[in-house]
Amino acid sequence: MQSSNHRLRDMEQHHPLLSAGPHAGHTVGNRTLWFIQDSCGMVCATMTWFLVLYAEFVVNFVMLLPAKNFWYSLLNGATFNSLAVLALASHLRTMLTDPGAVPKGNATKEYMESLQLKPGEVIYKCPKCCSIKPERAHHCSICKRCIRKMDHHCPWVNNCVGEKNQRFFVLFTMYIALISAHALGLSGMHFFTCIKVQWNECSDFSPGVSVLLLIFLCLEAILFLTFTAVMFGTQIHSICNDETEIERLKNEKPTWERRMRWDGMKTVFGGPPSLLWCNPFTGLRLRRLLLLTQGRRGGSEFSV
């Protein structure tokens, strides 16, 4: 006899209304944009951007532009700024992408009757958001929605990390770790260079200001590098084992067919290994984004 989870998975295959369509979590059709209006999350997301832009300022204006070696400044500037743009783009994609929200309030009597359930078919209803709860979905008290394959809610991206935006979150942690390591390396080189010469000759700022800016940058880089490197490794491990952080903490036994290692990576990042895996702009349609913005100006709902 099939378990309830297997019966639920069979229902998702036969009833497309149970599947998360392109507008899952959006209440006004195409003309909405996913954004969580959480005070703590918005503050943390703003702080993330501020700290990345601060690192850009120190690297560019304190270390690279005053440097006498043109190629050293050009190559390091192009590398650091490119990684920073990719990190911020990944942050935006993680924050503004529907993580896999289940349609809210669809567990109505009329909707249940429209599914034409067979005797013995089992589904679950979330009492908090009044929605039919698919397998591996968990309710987020901050997003106020059930999220498919919810890994965790991250205030630094002001969103849940779930089925549809985990890829961008992994890229965000990777690029932040890279620019943090790069900033630490540049800071070490700058200290070493300025010790051999006069501080006034290696920076346009006074020695005291330069030292304070560099110390704060190094502290920031160490903290960000440690946190994002650990988070990146945790996410890759979860993807390769096809197990979310919530499922691991709850010690849930898998009732689904696991996609191990490369199969899991292909599922999350889409397609076989390629450079597109590292591109946070993949799948971004400018025309669609402009339509969403116009919809917001026209009074459409903007947040969940």
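Arg-248 counts as partly exposed, because its relative accessibility is 43% (buried means under 20% relative accessible area, exposed over 50%, partly exposed in between, with a 1.4 Å probe and protein chains only). Before going on, note that this is a predicted model, in which local features need pLDDT of at least 70, side-chain atom pairs count only at pLDDT 80 or more, and totals for chains, interfaces and linings use all residues. Residues are numbered from 1 along each chain as its sequence is written, and side-chain values use heavy atoms, with hydrogens and water left out.

**Exercise 1. Find the salt-bridge partner of Arg-248 and describe its setting.**

Step 1: Arg-248 and Glu-245 are 3 residues apart in helix 8, so about one helical turn separates them (helices, H or I with at least four residues, and strands, E with at least two, are DSSP runs numbered from the N terminus).

Step 2: Glu-245 is buried, with a relative accessible area of 17%.

**Exercise 2. Which residues form salt bridges with Asp-242?**

Step 1: Arg-136 pairs with Asp-242 at 3.1 Å, N to O. Arg-136 sits in the loop between strand 2 (131-133) and strand 3, and Asp-242 in the loop between helix 7 and helix 8 (245-249), so this pair ties together parts 106 residues apart in sequence.

Step 2: Both of these residues, Arg-136 and Asp-242, are buried; for Asp-242 the relative accessible area is 5%.

Step 3: Lys-149 also forms a salt bridge with Asp-242, with the closest N and O atoms 3.6 Å apart.

Step 4: Zooming out, a network of salt bridges links Arg-136, Lys-149, Asp-242 and Glu-247, and the count for the model comes to 4 salt bridges.

**Exercise 3. Is Asn-159 buried or exposed, and what does its side chain meet?**

Step 1: Locate Asn-159 in strand 6 (residues 159-161). Asn-159 is buried, because its relative accessible area is 0%.

Step 2: Its side chain makes a polar contact of 3.1 Å with the side chain of Trp-34 (a polar contact is a pair of N or O atoms within 3.5 Å; within protein, one must be able to donate a hydrogen and the other to accept it, and residues adjacent in sequence count only if both atoms are side-chain atoms).

Step 3: A polar atom of the Asn-159 side chain also lies 3.0 Å from the backbone oxygen of Thr-94.

**Exercise 4. Describe how strand 3 and strand 4 are joined.**

Step 1: Strand 3 (residues 137-140) and strand 4 (residues 145-148) run antiparallel, joined by 4 bridges (two strands pair if DSSP finds at least two bridges between them).

Step 2: His-138 stands opposite Ile-147 in strand 4.

Step 3: The two strands form a hairpin with 4 residues between them, and Lys-144 in the turn has a positive phi of about 60 degrees.

Methods:
A salt bridge is a side-chain nitrogen of Lys or Arg within 4 Å of a carboxyl oxygen of Asp or Glu.
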